[in-house]
Amino acid sequence: MKEHSINKKVGNREKLQEKGFLKMISDHLPPIVLKNSSFYSSLELALERADLWLSPGRYLTTSLILSTPPPILFSILFYILFLHGAGSSLYTAFLVFIPLSFFVTLYLFLSYPYYRASTRAKEISKNLEQSYIFISALANGDVPLNIIFRKLSQDRAFGEVRREAEKIVRLTEDGGMDIYAAMNIASRTSPSVEWRNFLQGAVNTAISGSRLKPYFLEKVDNFHERMRLSIKGNGDAVSLFSEVYVAIGVAFPLFLAIILGVMSVISAPISRSTQFILLLFSFFIEPVITASFILIISSLNKEVGIE
């Protein structure tokens with residue numbers, strides 16, 4: 001089945017057209033970033049998975065243009081310092097910062113589609129369970145697939161899954177594609193591995209002549225089991241880090257303070273090194289250990305991976 005980019009399909013949110021100055025520049029990009037390069041293909045897929053409706057040429061052109069202000073500002077500042085007779089070491093620093101600021105800014109712009117795609121994948125995972133149940137319930141009532149995805153795309157409660165369903169609806173209703181061809185394309189451009197596997201599995205099931213209702217029910221049961229195991233693993237990790245924190249962040253500083261306190265009483269007056277160690281643990285090491293533990297536990301509680 002021939003795959004087409006969703007960005008090339010007609011829909012309510014058509015791809016932005018390249019006109020004027022941006023089009024002139026993007027048409028003359030170096031061959032290294034043209035359509036036959038792996039970089040171009042990778043960026044195109046990242047933009048689709050990030051749900052950014054820009055062509056790779058236009059996005060790259062915009063990134064190059066927006067990366068020029070930082071080096072220009074550094075150049076102006078360098079010129080001002082030069083007029084005021086700044087030191088040679090400062091000149092060297094600015095000569096490094098001028099090109100470095102351009103490449104760092106460009107890297108951040110080019111990394112953004114990949115970061116957004118990763119964020120969308122996490123948001124999709126949060127709504128997969130209720131989406132599977134919704135699709136399974138409608139399929140159990142013999143509702144056609146195109147109607148199921150249309151209903152899914154109209155309910156904001158499904159979050160990013162709703163936007164993935166919108167792709168299928170646009171391809172079928174506005175692009176005139178077959179529902180299974182649209183699902184195949186949507187699976188390729190989805191940032192979520194779980195959602196991609198779900199759509200691809202549904203397409204393969206339908207092509208093989210099997211019924212979709214048992215597939216959807218099995219997918220819901222399978223997802224629940226994987227979610228249960230993932231939550232259990234997450235809970236075990238939280239328990240492990242809690243025990244480590246009690247040992248390192250509570251018991252060890254407490255025993256150390258007691259030992260140092262007893263030693264200072266025996267060998268009065270208290271030495272400066274003992275005072276320094278107590279202050280270091282009280283006002284630096286202990287807060288750092290506690291903050292690190294809070295960040296780790298917060299990260300574990302926010303993410304339950306089922307990929």
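Predicted model: local features only at pLDDT ≥ 70, side-chain atom pairs only at ≥ 80, totals over all residues.
Biologist: Is Phe223 buried or exposed?
Modeller: The relative accessible area of Phe223 is 1%. A residue counts as buried under 20%. Phe223 therefore belongs to the class called buried.

Biologist: How many residues apart in sequence are Phe223 and Leu128, and what is the C-alpha to C-alpha separation in space?
Modeller: Along the sequence, Phe223 and Leu128 are 95 residues apart. In space, the separation of Phe223 and Leu128 from C-alpha to C-alpha is 8.7 Å.

Biologist: Which residues of helix 10 does helix 6 meet?
Modeller: Helix 6 covers residues 128-140 and helix 10 covers residues 193-207. On the side of helix 6, the contact is made by Leu128, Tyr132 and Ile135. Their partners in helix 10 are Glu194, Trp195 and Phe198.

Biologist: At what angle do the axes of helix 6 and helix 10 cross?
Modeller: Two packed helices are described by the angle and the distance between their axes. The axes of helix 6 and helix 10 come within 12 Å, and the crossing angle is roughly 15 degrees.

Biologist: What orientation does helix 6 take to helix 10, and what is the hand of the crossing?
Modeller: Angles under 35 degrees count as roughly parallel. Helix 6 is therefore roughly parallel to helix 10. The hand of the crossing, as helix 6 passes helix 10, is right-handed.

Biologist: Why is helix 9 described as largely enclosed by the rest of the structure?
Modeller: Helix 9 spans residues 179-188, and its buried residues include Ile179, Met183 and Ile185. These buried residues pack against helix 7, helix 8 and helix 10. Helix 9 is largely enclosed because the buried share of its ten residues is eight.

Biologist: Where is Asp51 placed, and is Asp51 buried or exposed?
Modeller: Asp51 sits in the loop between helix 2 (38-49) and helix 3 (56-66). Although Asp51 is not a glycine, its phi is positive, at about 60 degrees. With a relative accessible area of 6%, Asp51 is buried.

Biologist: Is Asp142 buried or exposed?
Modeller: Asp142 is in the loop between helix 6 and helix 7 (145-154). Its phi is near 60 degrees, a positive value in a residue other than glycine. Most residues other than glycine have a negative phi. The relative accessibility of Asp142 is 59%, so Asp142 counts as exposed.

Biologist: Which residues does Thr105 touch, not counting residues up to four places away in sequence?
Modeller: Thr105 is found in helix 5 (residues 88-126). Its relative accessible area is 16%, so Thr105 is buried. Not counting residues up to four places away in sequence, Thr105 touches Leu66, Ser67 and Pro70.

Key: Residues numbered from 1 in each chain as written. Heavy atoms only, no water. Axes fitted to C-alpha atoms, helices over the stretch in contact; angles between N-to-C directions. Helix = DSSP H or I, 4+ residues; strand = E, 2+ residues; numbered from the N terminus. Parallel < 35°, antiparallel > 145°, perpendicular 65-115°, else oblique. Left-handed = near helix turned anticlockwise from the far one by under 90°. Contact = heavy atoms within 4.5 Å. Buried < 20%, exposed > 50% of the residue type's maximum accessible area, 1.4 Å probe, protein only.
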